[in-house]
Structure formats: C-alpha cells, structure tokens
Amino acid sequence: MKKTVLSVFLAAGFAGSALFSGGVAQAQQYDWRDRPPPYHHHHHHHDGNVIAGGVAAGLIGGLIGGAIANGGGYEPAPPPPRCWYESRPVQNEYDDGYHYERMRVCD
C-alpha cells in the first residue's frame, strides 16, 4: 500500500512538472539608472499567493512524509513462537514417583 501511494505521488509530481513549465530566464544586465525618472518607484509584486502556495505545499509534504515515515499507522505481526519437544518429568497420579513424557515447549 505504501509503495502504491508513493508511486502515485511521484507520478503526479513528474506530470505536474511536465505540464507547468517555469518562466523564461533572461541573463541580461539591468542597471536602475537606465530607467526613466522617478528612479525610486516601489514595485508591489503581490507575492501573497506565492507564499500561501509554498506554505500549503510544505504542509501537504509534511503530512505525506509523516505518513510514509510512520508506516501508515500499523505494526507488523509478531514472529511466531519458537517451539520444540523435550522430555519432562511428570508426577505419577497414584504414587509419589515420576515418569518422563515428551512435551511441546515454546518460548
């Protein structure tokens, strides 16, 4: 089950990266003095959506990673007991004597 969930998330991640490409990178030098006046114009990029998306991705990734690290919340079954046969002394029913019987012993 864990491998299935992990493979689904990996496939979704690769598909998402293929469908949504990043912006175009431009390697040119920018000098603020090349701009027309006023030089001190403040840009408001409205990065709130980007920050909210990053926080949401972090929370979802933490939940998924925690579920994978904890193994899905179940514990594996304990190993079966080791058993063997031994000859053990057993008291007789009618007298104070003993005899030996083979008994199954498990730890």
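1. Strands E1 and E2 run antiparallel and are joined by nine bridges. The model is a predicted one. A hairpin of six residues leads from E1 to E2. Within this pairing, Trp84 stands opposite Val105 of E2.

2. The structure holds one disulfide. The disulfide links Cys83 with Cys106, with an S to S distance of 1.9 Å. Cys83 belongs to strand E1 (residues 83-91) and Cys106 to strand E2 (residues 98-106), so the link ties together parts that are 23 residues apart in sequence. The angle about the S-S bond is 105 degrees, and the link of Cys83 and Cys106 is right-handed.

3. Are the two cysteines buried, partly exposed or exposed? Cys83 has a relative accessible area of 29% and is partly exposed. Cys106 is also partly exposed, at 39% relative accessibility.

4. A search of the whole structure gives two salt bridges. One of them is formed by the side chains of Asp107 and Arg82, at 2.9 Å from N to O. Asp107 lies in the segment after E2, while Arg82 lies in the loop between helix H2 (48-69) and E1, so this pair ties together parts that are 25 residues apart in sequence. Asp107 and Arg82 are both exposed.

5. Another salt bridge is made by Arg88 and Glu86, whose closest N and O atoms are 2.9 Å apart. Arg88 is partly exposed because its relative accessibility is 34%, a value between the cut-offs of 20% for buried and 50% for exposed. Glu86, at 27% relative accessibility, also counts as partly exposed.

Technical notes: Residues numbered from 1 in each chain as written. Predicted model: local features only at pLDDT ≥ 70, side-chain atom pairs only at ≥ 80, totals over all residues. Heavy atoms only, no water. Disulfide = S-S within 2.5 Å. Helix = DSSP H or I, 4+ residues; strand = E, 2+ residues; numbered from the N terminus. Buried < 20%, exposed > 50% of the residue type's maximum accessible area, 1.4 Å probe, protein only. Pairing = 2+ DSSP bridges. Salt bridge = Lys/Arg side-chain N within 4 Å of Asp/Glu carboxyl O.
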